[in-house]
Amino acid sequence: MTSKQKTPRVVFQPSAYQGLQRGINQMVEAVRPTLGPLPRIVAIERMTRSRTPELLDNGGVIARRIIQLPDRDEDVGAMFVRHMLWRLHDKVGDGTATAAVLFQSVYNQGLRYIVAGGNAMQLRCYLETSLQVILDELTHMAIHLEGKESLAQIAETISHDPPLAKMLGEIFDIIGEYGQLEVRSGRSRELEREYVEGMYWKGGVHSRQMISDHTNLRTEMENVAVLISDIEIEDPRRLIPIVDMAVQAEIRSLLIIASKLSESATSLLLRASQDPTKFKAIAVKAPWMTISDRATALEDLAILTGGRAFAKIAGYTLGGVKLQDLGRARRAWADRSHFGIIGGKGDPRLLRQHITDLRSAFRQSEDPDMRKKLRERIGKLMGGSATLWVGGVAEREIDARKELAQRTSDALRGAIVEGVLPGGGVSLLACRPALQRMLEQSTDPDERAAYRMLIRALEEPVRTILTNAGYDASEVMAEIKQAGPGFGFDVRSGQVADVAQAGIFDVSSVQKAAVHSAVASAALALTIDVLVHPKKPQESVDTA
Amino acid sequence: MVDDTSEEPRIQDLVLSLAASPNFAHDGICFAARTSGLYRSDDGGITWRSTYDSLALEAPLATTAVVVSPNFGSDRSVFAGVHGGVLRSVDGGENWNGAILPSPPPLVSVLATSPNFAHDGTLFAGTVEDGVFHSADRGSHWSGWNFGLLDLNVLCMATSPNFANDETLLVGTESGIFRSTNGGRAWRDVNFPTDFAPVLSLVLSPGYADDGVLFAGTESCGLFYSEDRGHTWERLGQDVFTEAVNGIVLSPEFPAQPDILAMLSTALLVSRDGGQSWSDWKAGLPLEQGLASVAAPQGLDPGSPLLVGLVEGGVLRA
């Protein structure tokens, strides 16, 4: 590469603002049609043009599909919005279209104010301060949900799929906000669900000969002792003292969790289990791929069963295993790919404290991967899980419905924790009086500008919902204003209605996350003054 | 004052549970679950006879819990918890059918019926190591329902009087209290400090749907009261409750008539003012041998009969 090629191109005002704004507007206008219960579809051309276009009504996915704009100034603005929307989608599963239109309104109003001589940094500061006022108002408005009917109702407002909503309402009423739900492709045309009692992990038996029920390809044990480890067992002589110890303690069922079991060690366990009515031992694979996942899973198993984790990384060997190191459970099962424990006999106080700690870590974590792992751990420890089988005629239909089920599930988890808000954008309209009061008390021009922008921006989601549904937004907004607080427009019935009574809700956590992302990001974007482009841009890659 | 102590049969075994007919004032029928079996009295607890004669058992069948149908007058249904199963009778205990609980055999610690049993046929069995089992067909079939029940050592259970609508029931365990608001399908922990557990007794106000009042008796920390469905708790009679609170009974007219009975290990205390002050139920009762169970089939008015199961055997009619 020559030195000339390394020279960046620097873009100053007013070109920087103009380019950014065009890019932001293009991205937002691509997402805008998807807002509301009567959304319009966005068609995305496939990379191989012979295939039919991808039809989407999910703002997050649409934003992710737009990976580059031809104009590089515009591209910076578009990618700024794209990143915000995908992060939001990843975190709460919904709310991207609301965030997009809010962002655009704040940004465009803010830009006009700055171009007219306003102070960008002061404006950012006041926008961020005002954001907290909106979030507090939304928190006060939240209604907490209980019961499968309420959950199904909110699921329907998210998914617009009544049968799916009813099924998810029942599932989440049972498994709760942290419960483990697997969404899988079904074999029939219908939706089906299955509940699994106890906890299970990936990691089947080390040998098929350990499976006793050859019809169901599964083995079950009662009143079982559990050796919790990720040790590789090569030498069968290491197992002999443990088996002897178990037999002497009149333990009839022994479950050994180990990373590896040699053939000779397998033979030893099979020989020891020749009369399963007297003693039975099986070994299952320690399933975890990474060191940290393995350590946390061993810790969970130890607390659940009251045993001790023998982690290879900590230098443990099987030589030091004592009777009290073995965990205990009422039942355990294993098949060729999984093993499970039901009724772990660990100290329930320790288990409850452990779950409380994990919940606290979940709430504090911002990292989506970490949150997912923590939620899975909590779900496992809560003692059950559910599987939703999504059926359909065509594979594409099933995939789309599975994605919808997953997205609705994410939002439902938030709804259980933080409750719901009057829907259809009404909760955002209800935040305006608080901002109006602050506007009336303020004398600082930048602060007053921030309040005015937000008061206007909070109308934008309602206006967009109305426009997308084919109504005259200005006309209906006047009707809503006349009807009073709590009233909005039910676009399905075409009536102004008390939205809470009409069962129209938004998930509080989603709405708050959307407002937070939109306002904080727009405030930051308004402070961008200069764009710098590398001479030769790197190939665009999907980093979302 | 002791009116009578059962003399026949005089069995020195623990009376783990007592249940009375809803029409006790007229029919005088009550049941006592004992280590030696299940006994029935037709005269208000004065005389007792075994109800397991039809089973022709070779050895005593330890019975750990008993409950009668809320519609006992018409359906004559009685349920008895034994090791590994639940027995049911539809003729007031003359004949029995058994339902086996899923293996390994659980030990039933408590049985409860839905107040809407006539219509929903719902029963719950709390167990010592296996959580809660549920039957929706009048005790014929049972399945474990333990989603979110982090402590499977169930010691006591209470169903909401408004169960038909709110589907609420609570269990007390070794480590605290859990609540289900969907008929036992899933459980969430109640904000009851684990330091105060085990919870040995639970009772909900007859007006729980409106007042959200419940009481919890603990092994070593006394009696607790909540008026917000268990979100916050207040300790009652801190100086009075120095023993395990094994049982709590509320007046059927609570809170209009704020009578509360607390059964301790060797005392029966009553409060007539919602738990502010406490006194002995009756002076001079021979309670020193230890109390294991209590039932107040006609409420807590002075003079109403109280059935008290004793640790050493026998039922005291106080």
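Trainee: Which residue just after helix 5 of chain A takes a positive phi?

Mentor: A:Gly117 does, with a phi of about 115°. This is a predicted model, in which local features need pLDDT of at least 70, side-chain atom pairs count only at pLDDT 80 or more, and totals for chains, interfaces and linings use all residues. Residues are numbered from 1 along each chain as its sequence is written, while chains are lettered from A and ligands numbered from 1 in the order in which they are written.

Trainee: What makes the span of helix 5 of chain A agree with expectation?

Mentor: A helix is a DSSP run of H or I with at least four residues, numbered from the N terminus. The expected span is 1.5 Å times one less than the number of residues. For the 20 residues 96-115 this gives 28 Å, and the end C-alpha atoms are 28 Å apart, so the two agree.

Trainee: Why is helix 5 of chain A called mostly covered?

Mentor: Of its 20 residues, 17 are buried.

Trainee: Why is helix 8 of chain A called oblique to helix 14 of chain A?

Mentor: The helices pack at an angle of about 45°, with their axes 11 Å apart. Angles under 35 degrees count as roughly parallel, over 145 as roughly antiparallel, 65 to 115 as roughly perpendicular and the rest as oblique; the pair is therefore oblique.

Trainee: How confident is the predictor in chain B?

Mentor: The average pLDDT (confidence in each residue, from 0 to 100) is 91 for chain B, and 96% of the residues score at least 70. Over residues 1-11 of chain B, however, the pLDDT is below 50.

Definitions and conventions: Helices (H or I, at least four residues) and strands (E, at least two) are DSSP runs, numbered from the N terminus. A residue is buried if 20 or more other C-beta atoms lie within 10 Å of its own, exposed if 12 or fewer, and partly exposed in between; C-beta atoms are placed from the backbone. Two residues are in contact if their C-beta atoms, placed from the backbone, lie within 7 Å. Axes are lines fitted to C-alpha atoms, for helices over the stretch in contact, and angles run from 0 to 180 degrees between N-to-C directions.
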